[in-house]
Amino acid sequence: MEEEKETGQNDQNTLESQRNSQPTPLSKNAQKKLLRQQKWEAKKAEKKAQVKEQKMKEAERKRKEWEERLSSCASEEERLKLIESRRELRKERMEKRAEEKEDKVQRLSKAKEFGQNIVIDLEFADLMTNSEIQSLVQQIMYCYAVNRRCTSPGHLWLTGCRGEMENQLQRLPGFDKWIIEKESQSYIDALQDQKENLVYLTADSETVLDELDLKKIYIIGGLVDRNRWKGITMKKASEQGIQTAKLPIGSYLKMSSSQVLTVNQVVEILLKFVEIKDWKASFFQVIPQRKRGETDSEELQGVDGEELENEDDPSDKKKRCIEVRSTR
């Protein structure tokens, strides 16, 4: 009897274990999000293939054009002169690229001393899924690319850069050579001697950021959370006893849909303001038109500059929630 009872209990445990191990069915919203993700990835792969094919066609066209020019030479001397001319042209292009690269390196190095300090707080990795961490890594890559192009780049910091977040960043090509501060410590420890200058940017703050102060160190929460952790950066800053502020977005435009900005958009807005000292123009040049109201898009005609909208930015298209939200 004892053996039968024990066998029955084991069978019941096995059935429960099988039920628990079965994947939870996706909700309708989750299914829609998954479908959008799959469509976006398919579209991206198709576009990438088209770009690759176009490059191959262009390379083939140039190769044939070069062969025709060589074959049309009247003499061997003329042919050698043409080849030498091409070599010189390539040399000039390479020298120009080297100069541009060196110029960027010098600007970024100078920014360490004179640039606006901007910190991306990476201590929220344990609150994110792997795909959300990957999204944040992509946004950080965009941040660095934008900063490199700036005539007045900022002094970028990555704090709390450790664990899975660091592993994902290390996979980026050339990450080890980035001219950026990488700290495994939190900003509160790495910059403890400048605590009075720390300002956490969060939409829950009552302080509106009117100007940027070079003495201040502005912190952006690196959190892709789809709105699961509302108010977490404000709470963190309050517990640490540091200042907070929010971008003055509500003073210049109305967001048409999601009140959400990605990390790279916030960084780009700050860098743009450093350059042109105009919040309105900074917002209009960085925030995609689809996120702005109709009346605001009409006002864009009076703002100088070209709108910077990256249609291949998954962090923006999926409207992933970053803990830096616009004013309400």
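Predicted model: local features only at pLDDT ≥ 70, side-chain atom pairs only at ≥ 80, totals over all residues.

Residues are numbered from 1 along each chain as its sequence is written, and side-chain values use heavy atoms, with hydrogens and water left out.

Entry on cysteines. I looked up C73 and found 15% relative accessibility, so C73 counts as buried. C150 is likewise buried, because its relative accessibility is 11%. I then searched the whole structure for disulfides (cysteine sulfur atoms paired within 2.5 Å) and found zero.

Entry on strand β4. Helices (H or I, at least four residues) and strands (E, at least two) are DSSP runs, numbered from the N terminus. I noted that β4 spans residues 198-201 and is covered on both faces: L198 and Y200 are buried on one side, V199 and L201 on the other. For pairing, I required at least two DSSP bridges between two strands. β4 pairs with β5 (residues 217-221) in the parallel sense over four bridges, and Y200 has I219 as its bridge partner there. With β6 (residues 243-245), β4 also pairs in the parallel sense, over three bridges; the partner of L201 in β6 is A245.

Entry on S282. I located S282 in helix α9 (residues 279-286). Its relative accessible area is 0%, so S282 is buried. Leaving aside neighbours within four places in sequence, I listed its contacts (heavy atoms within 4.5 Å) as I269, K272, F273 and I276.

Methods:
Buried < 20%, exposed > 50% of the residue type's maximum accessible area, 1.4 Å probe, protein only.
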